Amino acid sequence: MLFSSPYRIYSSGDHSITIEAGNQIDTKINQEIISLFHDLSANRIKGVKDIIPAFQSLTLIYDITICKKEAGNQSVFTFLLALLEHRIKHPIAIVKTASRRINIPVCYDSSIAPDIALLAELHTISIEELIEIHTGKEYRVYMIGFLPGFAYMGTVDQRIVTARKSVPRTFVPAGSVGIGGEQTGIYPFGSAGGWQLIGRTPITMFDPKNEIPCYLQPGDEVRFFSITLSEYKNWGQS
Amino acid sequence: MSIRINKSGLLDTLQDEGRYGYQHLGVNPGGAMDRIAMHIANALVGNPPNETVLEMHFPAAEILFEQTLLIALAGADFSSTINGKELPILHPVLISKGSILAFGKRKYGARVYLSVQGGFTADTWLNSTSTNTKVNAGGFHGRALQKNDQLLLNNPGAFSFVFTDHAFEVLPWKAKTAELYTTNSIRFIAGAEFGNLHNQSIVVMKTQVYTISRDSDRMGYRLQAGPLTTLSHQEMISTAVTRGTIQLLPNGQLIILMADHQTTGGYPRMGHVITADLPTLAQMQAGETFQLQEINPEQSEDLFFEQEMNLQQLQNACNFRLQEYLKA
């Protein structure tokens, strides 16, 4: 049995099925979800086109026609429901992939961190303390979504938990590091966005020219380290 | 071996069936909004169903053909013309070198698909030629077509056709599409949070008329109607979402996710438009109205298989007619 907490499986469209475990964001549940993700990726169900892990859920997108050939007289949904129940109870391979540890440089200079002073004031701490708190913890990549390569990481220290902006910015530059509630994340592309921006990384988080275009993967452990503005500007040039 | 964009349209992009296998990295699938029109356009010129096509919104591009070609248009009818003469959609058409395809008034539909025999030469990114304008990859340099862009073609057949007084020849068979699209309502299956709606809102959701709002695009269709309310305010944890997912926004309005949807979302999922009805929805545009009808997942699958069978028959008939024609 893969899950230590109650789970349910439901249809999320006529070409999509979702497994949801528990009802909170929790490291253990997320690890179980990622285990199932690895098992289903390594031992694929015929016709499944995408396997998408989220905080406490996993969704399979499938080709209805291909799955029907396996399903026979049953509906594809009924067939996959039973198959997934079986795969959860009897995983083919519980893949205990050690999480990758990744260090990411962040420049917290106010000139490219538009919300950092505001957040420090809001939480009655100094900017230096805020940087120390943000860099002082390892964050888990719970899932990737919203934009190609946008990693939802958490959870941040209670002292810097901050609600998203009530009115999102129409443009957030690529590389911006933000806090949204208990989560922290990096915008891989320029986009609209509502997270509180406390820094910027010189790392390219998503590069379509790479075979694996995404810098981070679900399940990674990430730690940020502070760099100066000039280090930020000259990153990768030395 | 090419076509050239004389004048760009509102949004003209190369698309195939979409980019699957990378949604766990946040890469959305994209692909043709109207998969039926893509299939038909390809079938008419003898291509495989998922060959790359040019998807055009209204107003659509003006295109110069730099060689003689077999083409077809399917989906929306924007009053297409060749050198000013009316060109019907849903037929295979031989176009002579130097001809210009242009569009006039929008008669119906929101997206027209152009296929060329052999397909367009497109950038493949992560196993798909669909244009991803966010990442700027796939299709034609990852972007919408612009004036003077030259699109190369894969392997068009060589035609020694002698054109008479026209610059084009409409081949005498037409794809019948009536059975492939729905006319009455858009059908959906219940989503995970559907049961969280007030009883009254459940009735309202399935009986009221929805108007497609102006800020609707390839990412999603925002609907305007009476607001729906839920029993409790449920703090949602984001999950994957998919094409057709109907989300309830905080203001009580619904949004239906379309081809360029984000891979994850945190709004309550009221339902999922069935795959068989997505092409119909994709051909509706701002201001048009429809109703939502609930069916069960089994019915949804059956409707899909029926549609696929009809498409397969159409494909077979097109191939047969084309082969007979080319032999003669």
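In the predicted model, chain B contains an open sheet of six strands, arranged in the order β2-β3-β10-β5-β8-β12 with antiparallel pairing. Strands are DSSP runs of E of at least two residues, and helices are runs of H or I of at least four residues, numbered from the N terminus; two strands are taken to pair if DSSP finds at least two bridges between them. Strands β2 (12-15) and β12 (168-170) of chain B form the edges, each pairing on one side only. Neighbouring strands of the sheet are turned against each other by 25° on average, direction ignored, with axes fitted as lines to C-alpha atoms.

Within this sheet, β3 (residues 53-56) and β10 (residues 108-116) of chain B are joined by three bridges in the antiparallel sense. In this part of the sheet, M56(B) lies opposite V112(B) of β10(B).

Chain B is assigned domain 1 (2-177) and domain 2 (186-295), with bounds from an automatic or database domain assignment. The C-alpha centres of the two domains of chain B are 30 Å apart. Contact between them (C-beta atoms, placed from the backbone, within 7 Å) involves 16 residues of domain 1 and 13 residues of domain 2 of chain B. On the domain 1 side, the elements giving two or more residues are α1 (35-44), β5 (69-77) and β10 of chain B. By class, that side has five nonpolar, eight polar and three charged residues; Ala, Val, Leu, Ile, Met, Phe, Trp, Tyr, Cys and Pro count as nonpolar, Asp, Glu, Lys and Arg as charged, and the others, Gly among them, as polar.

Residues are numbered from 1 along each chain as its sequence is written, and chains are lettered from A and ligands numbered from 1 in the order in which they are written. As the model is predicted, local features need pLDDT of at least 70 and side-chain atom pairs count only at pLDDT 80 or more, whereas totals for chains, interfaces and linings use all residues.

Note on methods. Axes are lines fitted to C-alpha atoms, for helices over the stretch in contact, and angles run from 0 to 180 degrees between N-to-C directions. Two residues are in contact if their C-beta atoms, placed from the backbone, lie within 7 Å.
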